[in-house]
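The questions below go through one protein model step by step. Each answer ends on the value or name asked for.

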Amino acid sequence: MIVNRNLIGPTLSKCTFDNFEILSDSHRKALAACRSVLSGSGGVVLTGPVGRGKTHLLVALAYEFNREMDYSLPDDEDYVLVNDPGNLVVFWPHIELSSSLKGGFDDGSYTVHMEDCKLANLLILDELMSEGTAKDGGISPFVKEFTEEIIEYRYNQGRAIAVSSNLGFAKMKDTYSPRIVSRLADMCGDIVLLDGDEDYRLKKHRERDGKERS
Ligand SMILES: Nc1ncnc2c1ncn2[C@@H]1O[C@H](COP(=O)(O)OP(=O)(O)OP(=O)(O)O)[C@@H](O)[C@H]1O
Ligand SMILES: [Mg+2]
């Protein structure tokens with residue numbers, strides 16, 4: 001089961017590995033890195049400018065991972081999908097996770113979300129917040145704390161994680177503690193840069209209108 005499919009939304013829910021166009025070498029590498037999560041690599045970190053396909057690949061990974069997990073379950077054990085957090089793919093835009101956790105102290109949803117993030121077979125955090133996210137120039141101690149708690153737990157348990165970020169590991173250490181970045185690097189290997197030569201959204205717009213590239 002994919003938790004938060006509603007946050008993926010109709011535009012992105014059509015994203016698959018098959019409809020991801022390979023337009024550059026970086027696309028090929030990123031696709032391979034995401035596929036490797038299916039075959040048991042510890043995870044992937046994607047970085048790159050706007051509209052290069054980071055979220056596309058993470059969503060495709062969520063669906064594919066979920067499909068493979070479901071296949072391995074016996075027909076009569078479907079209930080396990082909803083009762084056992086170990087059979088979840090948890091997808092969160094990082095900023096949405098932060099809001100939900102912040103608002104979840106009174107109704108107990110803080111604990112539920114944290115458990116899902118820790119115990120899911122695959123956790124996907126889209127757009128890991130960085131020092132440039134908040135207007136005041138930094139993530140809050142709250143964001144830093146819950147994010148590090150989750151990553152540390154998953155590292156210790158050997159559970160896969162897939163992340164997109166606009167930071168490389170070196171810059172990430174200005175926002176998150178070096179010990180957490182070190183663990184992320186150990187799980188995910190090198191950060192995969194999705195550069196491509198153009199924002200895919202703008203490319204589509206240009207092609208639709210028959211416009212020259214500006
Ligand atoms: N190589 C590609 N092949 C097919 N579709 C693509 C490709 N790259 C991007 N897209 C499509 O372009 C749109 C933007 O991609 P996506 O949302 O993944 O970008 P992003 O890198 O996450 O950008 P942002 O930093 O703005 O979040 C999506 O609809 C996605 O499906
Ligand atoms: Mg994105």
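A residue is called buried here if 20 or more other C-beta atoms lie within 10 Å of its own, exposed if 12 or fewer, and partly exposed in between. The model is a predicted one.

Q: What percentage of the residues in the protein is buried?
A: The protein has 214 residues. Counted against the cut-off of 20 or more C-beta atoms within 10 Å, the buried residues make up 34%.

Q: How many helices and how many strands does the protein have?
A: Both kinds of element occur in the model. The count is ten helices and six strands.

Q: Among contacts between residues at least 6 apart in sequence, what percentage joins residues at least 24 apart?
A: Two residues are in contact if their C-beta atoms lie within 7 Å. Of the contacts between residues at least 6 apart, the share that joins residues at least 24 apart is 81%.

Q: Is H7 parallel or oblique to H9?
A: Helix H7 spans residues 141-157 and helix H9 spans residues 178-188, and their axes come within 10 Å. The axes cross at roughly 45°. Angles under 35 degrees count as roughly parallel and 65 to 115 as roughly perpendicular, so H7 is, relative to H9, oblique.

Q: Is the crossing of H7 and H9 left-handed or right-handed, and which residues of H9 make the contact?
A: H7 passes H9 in a left-handed crossing. From H7, the contact takes Glu 148, Ile 151, Glu 152 and Tyr 155. By class, the residues of this contact are five nonpolar, no polar and three charged. On the side of H9 they are Ile 180, Arg 183, Leu 184 and Met 187.

Q: Why do the buried residues of H9 lie on the same side, and what arc do they cover?
A: The buried residues in H9 are Ile 180, Val 181, Leu 184, Met 187 and Cys 188. An α-helix has 3.6 residues a turn, so residues three or four places apart point the same way.

Q: Which exposed residues does H9 carry on the face turned away from its buried side?
A: The buried residues of H9 pack against strand E2 (43-47), H7, strand E5 (160-165) and helix H8 (169-175). The face turned away from that buried side carries Pro 178 and Asp 186.

Q: Is Met 187 buried or exposed?
A: Met 187 is found in helix H9. It touches Gly 42, Gly 43, Tyr 155 and Ile 161, not counting residues up to four places away in sequence. Met 187 has 21 other C-beta atoms within 10 Å and the cut-off is 20 or more, so it is buried.

Q: How far apart in space are Met 187 and Arg 159?
A: In sequence, Met 187 and Arg 159 are 28 residues apart. In space, C-alpha to C-alpha, the distance is 8.8 Å.

Q: At what angle do H5 and H6 pack?
A: Helix H5 covers residues 94-102 and helix H6 covers residues 109-119, with axes 8 Å apart. Leu 97, Ser 100 and Leu 101 in H5 meet Ser 109, Tyr 110 and His 113 in H6. This contact has three nonpolar, three polar and no charged residues. The angle is about 145°.

Q: Is the crossing of H6 and H7 left-handed or right-handed?
A: The axes of H6 and H7 come within 8 Å and cross at roughly 35°. Met 114, Cys 117 and Lys 118 of H6 meet Phe 146, Ile 150, Tyr 153 and Arg 154 of H7. The residues of the contact divide into five nonpolar, no polar and two charged. The crossing is right-handed.

Q: How many buried residues does helix H10 have?
A: Helix H10 runs over residues 200-208 and is hardly covered. Among its nine residues, the count of buried ones is zero.

Q: What is the phi of Glu 127?
A: Glu 127 is found in strand E4 (residues 122-128). With 18 other C-beta atoms within 10 Å, Glu 127 is partly exposed. Its phi is positive, in a residue other than glycine, and is near 55°.

Key:
Residues numbered from 1 in each chain as written. Chains lettered and ligands numbered in written order. Predicted model: local features only at pLDDT ≥ 70, side-chain atom pairs only at ≥ 80, totals over all residues. Axes fitted to C-alpha atoms, helices over the stretch in contact; angles between N-to-C directions. Helix = DSSP H or I, 4+ residues; strand = E, 2+ residues; numbered from the N terminus. Parallel < 35°, antiparallel > 145°, perpendicular 65-115°, else oblique. Left-handed = near helix turned anticlockwise from the far one by under 90°. Nonpolar A, V, L, I, M, F, W, Y, C, P; charged D, E, K, R; others polar.
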